[in-house]
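Subject: Predicted structure for your review

Dear colleague,

Please find below the structure for your review, followed by an account of what was found in it.

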Amino acid sequence: MVPTAPASSGEPLVLGIETSCDETGVALVRGRELLVDTVASSMDEHARYGGIIPEVASRAHLEAMIPTLERTLGTADVDLSEVDAIAVTAGPGLVGPLTIGASAAKALALALGKPLYGVNHVIGHAAVDELVHGAFPERVMALVVSGGHSSLLLVDDVATSVTELGSTLDDAAGEAFDKVGRLLGLPYPGGPHIDRLAREGDPTAIRFPRGLTARKDQEKHAYDFSFSGLKTAVARWVEARQDAGEEIPVHDVAASFAESVADVLTAKTIAACERHGVSTLVVGGGFSANSQLRDMAAERCAEAGIELRIPPIRYCTDNGAMIAALGSAVVRAGVAPSSLDIGVDSSMPLTVTHV
């Protein structure tokens, strides 16, 4: 069956499917309006391993896909035949989970005769903000920070024109939090636990390093991030106190570590906004739920006269709404649909909005 184009009258109704890691997300978006967003997470199944196990995640997606799809359609009171287009995460992410989502989306597109759009997971974290705060202005800066990504994107058009200014060279912010969490004996994932402890600690108690902020790094890595050295510094500081038989001030360690991460992320991002003449900053991704990052970004954006847009926490973690939002933007831009034989790309470049 040949895919039909979305209806020309009115806004397109886009079904979004997200399976890049451990959340099975399915959502329906019409234009920039979110109708329903349903998420099934397998996080509890990975907690005992201290990290995501791709095979476990893949099986969980396989089991959750149809029930999650049915709940989404039922909640919205929408029949599959009413959907105009199907968007799915094509990358980046874990190959197994990505393949489950892509296979489901291809089957739906083929059976329904609807166009398929394979879109970029990371850019979706920025696009979802349009469902909350409305259409982007002509140019925005997007800071996407999560367990696997710390990326700085210059967005001229979220559907067709995204420039990657910088990214993480080693550990992403969320990944560093998980590793420091393990070091401090906290449950997985470490981010929420460190955030909670940090609120009761002194962020100035320990001066941990700020990666890639030295003058020698500015020319080549002005907008890149590195948190591996910070993680090592925290480990050495903790080990030195343990070897000396001293009690570890966990709250102060958490606060000082979180302060270092937020400082680097916001300082480099504000500098990029000012250099590129951008007056709107969008922050997305799972780590954007971090309270220190939110507070520091709000303070520094206010000082610089930059509008700060951060979606509610429920839209920061992986979800179908972000994929449907980006899919909707791509459809509205008149971009040609993807082929039904597209593959998934675990390391999809962040300049590629869709495939």
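Buried area, as used in this message, is the accessible area (1.4 Å probe) that two parts lose on being put together, summed over both. Please note that the model is predicted, and that the values below are computed from it.

**The two domains**

The domain assignment divides the protein into domain 1 (11–130 + 314–331) and domain 2 (138–309). Between them, domain 1 and domain 2 bury about 1500 Å², with 72% of this area on carbon and sulfur atoms. On the side of domain 1, the residues that lose the most area to domain 2 are V122, D129 and C316, which together account for 33% of what that side buries. The contact involves 18 residues of domain 1 and 18 residues of domain 2, while the C-alpha centres of the two domains lie 27 Å apart. The count of salt bridges between domain 1 and domain 2 is 1. A salt bridge joins the side chains of R309 and D129, at 2.6 Å from N to O.

**The annotated binding site**

An unreviewed UniProt entry carries the annotation "binding site" for V144, V145, S146, G147, G148, D178, G191, D195 and N290. From this set, S146, G147, G148, D178, G191, D195 and N290 belong to the lining of the largest pocket.

Two of the annotated residues may be described in greater detail. V144 is situated in strand 6 (residues 140–145). Its relative accessible area is 1%, so V144 counts as buried, the cut-off being under 20%. Apart from neighbours within four places in sequence, V144 contacts V122, H125, H149, S150, S151, L153, G284 and G285.

D178 belongs to helix 6 (residues 173–183) and is buried, with a relative accessible area of 16%. With neighbours within four places again set aside, D178 is in contact with Y188, P189, G190 and G191.

The buried residues of helix 6 are A173, G174, A176, F177, D178, V180 and G181. Their cover includes strand 7 (150–157), helix 7 (190–198), helix 9 (228–243) and helix 10 (250–275). Just after helix 6, G185 adopts a positive phi of about 75°.

K179 takes part in two of the salt bridges described here. One is with D171, at 3.1 Å from N to O; the other is with E175, at 3.6 Å from N to O. K179 and E175 are separated by about one helical turn, because they are 4 residues apart in helix 6. K179 is partly exposed at 25% relative accessible area, and E175 is likewise partly exposed at 27%. D171, by contrast, is buried at 6%.

Elsewhere, salt bridges that share partners join D171, E175, K179 and K231 into one network.

**Backbone geometry**

Most residues other than glycine have a negative phi, and most peptide bonds are trans.

- G91 and P92 are joined by a cis peptide bond with omega of about -15°; P92 lies in the loop between strand 4 (85–91) and helix 3 (95–112).
- Y188 and P189 are joined by a cis peptide bond with omega of about -5°; P189 is in the loop between helix 6 and helix 7.
- D77, which is not a glycine, has a positive phi of about 55°. D77 lies in the loop between helix 2 (54–76) and strand 4 and is exposed at 69% relative accessibility.
- L212 has a positive phi near 55°. L212 is in the loop between helix 7 and helix 8 and is buried, with a relative accessible area of 14%.

Yours sincerely

Notes. Residues numbered from 1 in each chain as written. Predicted model: local features only at pLDDT ≥ 70, side-chain atom pairs only at ≥ 80, totals over all residues. Heavy atoms only, no water. UniProt positions renumbered as here; feature names shortened; annotations may be inferred. 1 Å grid on protein atoms, 1.4 Å probe; cavity = no way out; pocket = protein on both sides within 12 Å on 5 of 7 lines; lining within 4 Å. Helix = DSSP H or I, 4+ residues; strand = E, 2+ residues; numbered from the N terminus. Buried < 20%, exposed > 50% of the residue type's maximum accessible area, 1.4 Å probe, protein only. Contact = heavy atoms within 4.5 Å. Domains from an automatic or database assignment. Salt bridge = Lys/Arg side-chain N within 4 Å of Asp/Glu carboxyl O.
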